[in-house]
Amino acid sequence: MGDAEIIPIGTGGRPGRGTGSARPSKASRTLAGGARPAARRTPAPAAEPEARTGRPAATTHDRAPMAGITPGEWLAAFQTGAVQVFGDDWERQLARLLAFLRRRLTGEYDVDEYGFDQEVAEKLLLASLRPIAERWFRIEARGVENLPTDGGALVVSNHSGTLPVDGLMTMFTIHEHTGRFLRPLGADLVFRMPLVSSLARKGGATLACNEDAERMLASGELVGVWPEGFKGIGKPFTERYKLQRFGRGGFVAAALRTGVPIVPLSVVGAEEIYPLVGNVPSLARLLGIPYVPITPLFPWLGPLGLVPLPSKWLMEFGEPIRTDEYDAGSADDPMLVFNVTDQVRETIQQSLYSLLMQRTSVWH
Amino acid sequence: MDADTKVVLVTGVSRDLGRRFARRLADEPGVARVVGVDAVPPRGDIGDVSFVRADIRNPVIAKVIAKEDVDTVVHMSVIATPGSAGGRGTMKELNVIGTMQLLAACQKSRSIRHLVVKSTSTVYGASSRDPAMFTEDMQPRRQPSSGYAKDVAEIEGYVRGFARRRPDVRVTTLRLANVLGPHVTSPITSYFRLPVIPTVLGFDPRLQFVHETDLMRVLTHCVHTDVPGTFNVAGDGVMLLSQAVRRLRKPTVPLVRPAVGGVAAVLKSARMADFSPEQLGFLTFGRGIDTSRMRAELGFEPVLTTEQAFADFASSTGRSASPVERVLDGLSSTLPGRATSGAGRG
């Protein structure tokens, strides 16, 4: 377009000197007013013959930006790229990736009866937790050898941190050290919330009820439970590291019925990620959630307030408490259940205190 | 029971599954005669089944049972949608009053030895507080207040009452997961046959299916066996709705939960699908039923798993590979090292 030359033919009786220059003077253009489009249309046909004689008309074929590259060159470039991304084993890696994509796209994968999708849990959930666990919270796990390598076990942990980040971090840490998937038991609120509910089931969670806990433990899963529930996770910052009531001891009854060991877990560091300094009970009631947290950063900084503070975490897995020594009917003995519950609670509280003593600073 | 002496009464033979079951049962060894009963005549071929046009909502049914000397009753006429019946009122009357009349007739009859009731896993409801897998002893977390789920809960209540009053009659109740098959028309199959599938945003329910041939097999098994009780029946395994839709190669429209009701009403008025409240709950929270009692006590093993039942259904919907899938297939088949790496490994 740009190189088409405009050749004015006279002035067409309009004001101006008709010098043959490409553009009339500004004064003449102002005077010509509305007649301009007509003036522009006239030169175009004159330009065409010149273009035709100068060079052959350009076709879209010639103009295509990739025209000069043969398929072979494409393949070579693709191979170089693939080698750079996947390494020398790129063919198999790429084939595996394509197979993975195809499987996800066509739904040809399996989930277990709780809706646990191992691929989503391993490749999406736990993989995305890695930088947070390793760089942000710098989790230090102790006593991992107390987790059984196979068979059912119940991991009982303290709960804190306003949002259940400690649950996710426990899942990551256990998978990192033992390769096993922790199956968390969640409150029914988790399964009522959109997005959270589907992700929770795919990540391996199920509802915290006796039926599910016993079913999972009996089938040899590693089950995680946070008996303090919302009382623990939503407690004010001033009450940090003080264990709340341990529910009704349902988790102990489930362990007694299935005869699996209870592994107490104490997590230090999670209390400081979102220090809960206030609550809006009326709004919480309106939204149907247990509490609306106010932290030093939230809601004042908006979404930025959701970034957890980078506290240093310590996780200590305690000695397993055996339950297979009790006889069959012991789960129906409330006194025994309360005693074992207290024993677990005391163990966790004691190791929380000792971890806090060893900790020199919240941040490192 | 002696050989070839069973006289079986099957209710609800006007519908496809009932008709085909009655036909199949008539060819079974050990079954002398099959009497099919319904208010309207069956549309297809019923073979050796003798059809009696009788409405189970009135006492005529007692005369049929007495005249034909029936010893086994298979009750299949509980309907899930008002669509075919005319309205919710008629549906409820057919389901509840029909069952009451049938049970009253059975109670009067001296010849009845066995009652098989086809119930549904809908009795367990669907909510966020559900355990992952329901066993037969569990109750729904919320009692259903209306619709099909309430009908079924009431029907099961009457069946339990009957079992108490006639302890000499073996009563077998089957709580079936959603039945799928190329010929099945039900709320769930019409849902999966929609061109674009509406889902509830942020929820991915767990589903279980049982294939229509397994339904036929388990009902036949119950006619022959003498195990009373209530049993969950479902194919092995669980599928997520997202998985099912992907296997159908169909697009989805995730809708926020309050909007689904409106879409459901539109689809219902267009007669494309029928979303009842209990189905909406099912498609939000899903449900799993435990089938260990079916195996251990009833001694029945479904041939097809949930996935296989769904695959058979999906192949009947005329699905085709999506463009992305074709691209992926093309890419992986043109990978130069594919054949050699396979050979190197092998």
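Predicted model: local features only at pLDDT ≥ 70, side-chain atom pairs only at ≥ 80, totals over all residues.
**Helix pairing between the chains**

- The axes of helix α6 (residues 90-106) of chain A and helix α12 (residues 323-334) of chain B come within 10 Å and cross at roughly 160 degrees.
- Because angles over 145 degrees count as roughly antiparallel, α6(A) is roughly antiparallel to α12(B).
- On the α6(A) side, the residues that meet α12(B) are A:Ala95, A:Leu98, A:Ala99, A:Leu101, A:Arg102, A:Leu105 and A:Thr106, while α12(B) contributes B:Val324, B:Glu325, B:Leu328, B:Leu331 and B:Ser332.
- Sorted by class, this contact of α6(A) with α12(B) comprises eight nonpolar, two polar and two charged residues.

**The contact as a whole**

- Chain A supplies 29 residues to the contact and chain B supplies 28 residues.
- On the side of chain A that touches chain B, the elements giving two or more residues are α6, α9 (188-192), α10 (196-203), β4 (206-207) and α11 (210-218) of chain A.
- Of these, α6(A) gives the most, with ten residues.
- By class, the side of chain A that touches chain B has 13 nonpolar, six polar and ten charged residues.

**A helix pair within chain A**

- Helix α13 (residues 250-258) and helix α15 (residues 334-358), both of chain A, pack at an angle of about 110 degrees, with their axes 9 Å apart.
- Because angles of 65 to 115 degrees count as roughly perpendicular, α13(A) is roughly perpendicular to α15(A).
- In this packing, A:Val252, A:Ala253 and A:Leu256 of α13(A) meet A:Val337, A:Val340 and A:Thr341 of α15(A), a contact with five nonpolar, one polar and no charged residues.

**Overall build of chain B**

- Chain B contains 13 helices and 13 strands.
- The radius of gyration of chain B is 22 Å, close to the 20 Å that the globule rule gives for 346 residues, so chain B is as compact as a globular protein of that length.
- The C-alpha trace of chain B spans about 75 × 50 × 40 Å along its principal axes.
- Of the 346 residues in chain B, 45% count as buried.
- Among the contacts in chain B with a separation of 6 or more, 81% are accounted for by residues 24 or more positions apart.

How values were computed: Residues numbered from 1 in each chain as written. Chains lettered and ligands numbered in written order. Axes fitted to C-alpha atoms, helices over the stretch in contact; angles between N-to-C directions. Helix = DSSP H or I, 4+ residues; strand = E, 2+ residues; numbered from the N terminus. Parallel < 35°, antiparallel > 145°, perpendicular 65-115°, else oblique. Contact = placed C-beta atoms within 7 Å. Nonpolar A, V, L, I, M, F, W, Y, C, P; charged D, E, K, R; others polar. Rg over C-alpha atoms; globule rule 2.2 N^0.38 Å. Buried ≥ 20, exposed ≤ 12 C-beta atoms within 10 Å, placed from the backbone.
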